[in-house]
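Here is a quick tour of the model, meant to be read with the structure open beside you.

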Amino acid sequence: MTALLTLTVLVLVAIAIWQMTKIFELSQLKAEETGVATDKDNKYNGYLMFAFLIFIYGITIFSFAKYSKVLLPEASSAHGGGYDELMWVSFAIIFVVQTITQALLHYFAYKYRGEKGKKALFFADNDRLEFIWTIIPVIVLAGLILWGLYTWTNIMDVNDEDDPLIVELYAQQFNWTARYGGEDNVLGDASVRLIDIDRANVLGLDESDPNSADDILVKELHLPVGRKVNFMMRSQDVLHSAYMPHFRAQMNCVPGMITQFSFTPTITTEEMRRNPDVVDKVKRTNTLRAKWAAEGKPNSDPWEFDYVLLCNKICGKSHYNMQMKIIVETEEEYNKWIAEQATFKETLASVE
Ligand SMILES: [Cu+2]
């Protein structure tokens with residue numbers, strides 16, 4: 001027992017000495033070693049703020065220079081110009097505002113850095129200042145939102161004016177089928193329940209509907225330039241999204257319902273192939289492909305520009321390759337092409 005007590009006393013004395021040593025050390029510390037930032041530290045941090053500002057601006061300029069070329073070329077649809085304009089004005093406002101506010105933020109962090117004897121000015125509120133920083137964003141944002149709503153309403157107004165071409169885009173894992181209304185430009189009724197693979201009725205067209213007989217099913221979308229197209233989208237299985245980037249068009253394809261989108265193509269595939277941005281992109285891609293070919297890598301055949309319909313919803317493992325070629329051509333070329341296509345009735349297999 002005495003041994004234990006003695007040991008406890010010794011341990012406690014040891015702790016007491018250790019603690020007293022720490023107190024003694026703390027009381028002996030010089031001003032620079034207290035862990036409190038000195039004027040020199042604060043100045044150094046202020047300069048680092050400027051260095052960070054230069055880094056932000058630098059990376060912005062670098063990104064502009066290096067990645068501008070990956071942007072889409074000029075819009076190929078009637079509504080695309082307005083859509084791009086809205087986007088570029090939004091970009092420009094964000095760019096200017098953020099360039100100025102970043103500079104002010106980092107400059108003030110430097111200017112009002114901690115300094116011995118410097119005291120912050122305190123005031124509870126400033127009505128004029130609060131009014132300014134509230135009203136300016138309100139006006140700018142309200143303007144952008146109203147303009148956006150106006151653009152959105154115009155783009156999403158799917159109607160039957162101007163004799164639109166009616167085309168169905170049918171999505172399934174992992175391909176697209178397009179269906180034209182045929183001579184009458186009216187799509188026959190269809191339902192996934194009517195799909196009959198044995199008879200090659202892959203889209204589930206209602207054979208009893210007289211409108212379906214002349215419908216035309218194709219795996220390459222041809223569109224006449226300058227004619228409005230009303231797309232009716234269906235999906236067989238999961239959510240897909242019909243994305244036609246060059247036309248600034250995208251609409252989800254939802255199982256069990258028909259969704260719509262409408263646009264007028266304005267530039268033919270041939271014309272787009274001569275667009276300087278497209279020429280440049282094709283050149284860059286083919287330089288890369290030539291390199292791949294030399295190394296014996298796949299996908300190294302020379303590439304030619306084509307409009308494309310892509311799936312823009314991750315719908316399964318081959319989603320990345322769910323696409324269909326779009327060809328925009330003159331009305332004569334389109335009429336010639338569509339006349340060569342077989343109708344639904346002609347392709348329907350008869351089963352005994
Ligand atoms: Cu898909």
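Let's begin in the loop between helix 4 (127–155) and strand 1, where D162 is found. D162 isn't a glycine, yet its phi is positive, at about 65°. As a rule, most residues other than glycine have a negative phi, and most peptide bonds are trans. Keep in mind that this is a predicted model.

To find F174, look in the loop that runs between strand 1 (165–172) and strand 2 (175–180).

## The copper site

Which residues coordinate the copper ion? The donors are ND1 of H240, the SG atoms of C311 and C315, and SD of M322, at 2.0 to 2.7 Å. The angles among these 4 donor atoms run from 93 to 122°, and the site is tetrahedral. For reference, the ideal angle for four tetrahedral donors is 109.5 degrees.

Read along the chain, the donors of the copper ion are spaced as H-x70-C-x3-C-x6-M. H240 sits in strand 6 (residues 240–244) and C311 in strand 9 (residues 307–311), so this pair ties together parts 71 residues apart in sequence.

## Helix 2 against helix 3

Packed helices are described by the angle between their axes and the distance between the axes. For helix 2 (residues 39–67) and helix 3 (residues 80–111), the axes come within 7 Å and cross at roughly 165°. That makes helix 2 roughly antiparallel to helix 3, and their crossing is left-handed.

On the helix 2 side, the contact is made by G46, Y47, M49, F50, F52, L53, I56, Y57, T60 and F64; helix 3 brings F95, T99, Q102, A103, H106, Y107, A109 and Y110. Sorted by type, the residues of this contact between helix 2 and helix 3 come out as 13 nonpolar, 5 polar and no charged.

## Helix 3 against helix 4

Helix 3 also meets helix 4, with axes that come within 10 Å and cross at roughly 165°. Helix 3 and helix 4 are therefore roughly antiparallel to each other, and this crossing is left-handed as well.

From helix 3, the contact uses G82, Y83, E85, L86, V89, S90 and I93, and from helix 4 it uses V140, L144, W147, G148, T151 and I155. How do the residues in the contact of helix 3 with helix 4 divide, and how many are charged? There are 8 nonpolar, 4 polar and 1 charged.

Note on methods. Residues are numbered from 1 along each chain as its sequence is written. This is a predicted model: local features need pLDDT of at least 70, side-chain atom pairs count only at pLDDT 80 or more; totals for chains, interfaces and linings use all residues. Side-chain values use heavy atoms; hydrogens and water are left out. Axes are lines fitted to C-alpha atoms, for helices over the stretch in contact, and angles run from 0 to 180 degrees between N-to-C directions. Helices (H or I, at least four residues) and strands (E, at least two) are DSSP runs, numbered from the N terminus. Angles under 35 degrees count as roughly parallel, over 145 as roughly antiparallel, 65 to 115 as roughly perpendicular and the rest as oblique. A crossing is left-handed if the near helix is turned anticlockwise from the far one by less than a right angle, and right-handed if clockwise. Contact means heavy atoms within 4.5 Å. Ala, Val, Leu, Ile, Met, Phe, Trp, Tyr, Cys and Pro count as nonpolar, Asp, Glu, Lys and Arg as charged, and the others, Gly among them, as polar. Donors are N, O and S atoms within 2.8 Å of the metal (3.2 Å for Na, K and Ca); water is not among the atoms, so sites may look incomplete. Four donors count as tetrahedral if all angles lie between 85 and 135 degrees; four count as square planar and six as octahedral if opposite donors are over 155 degrees apart and all others between 65 and 115; anything else is irregular.
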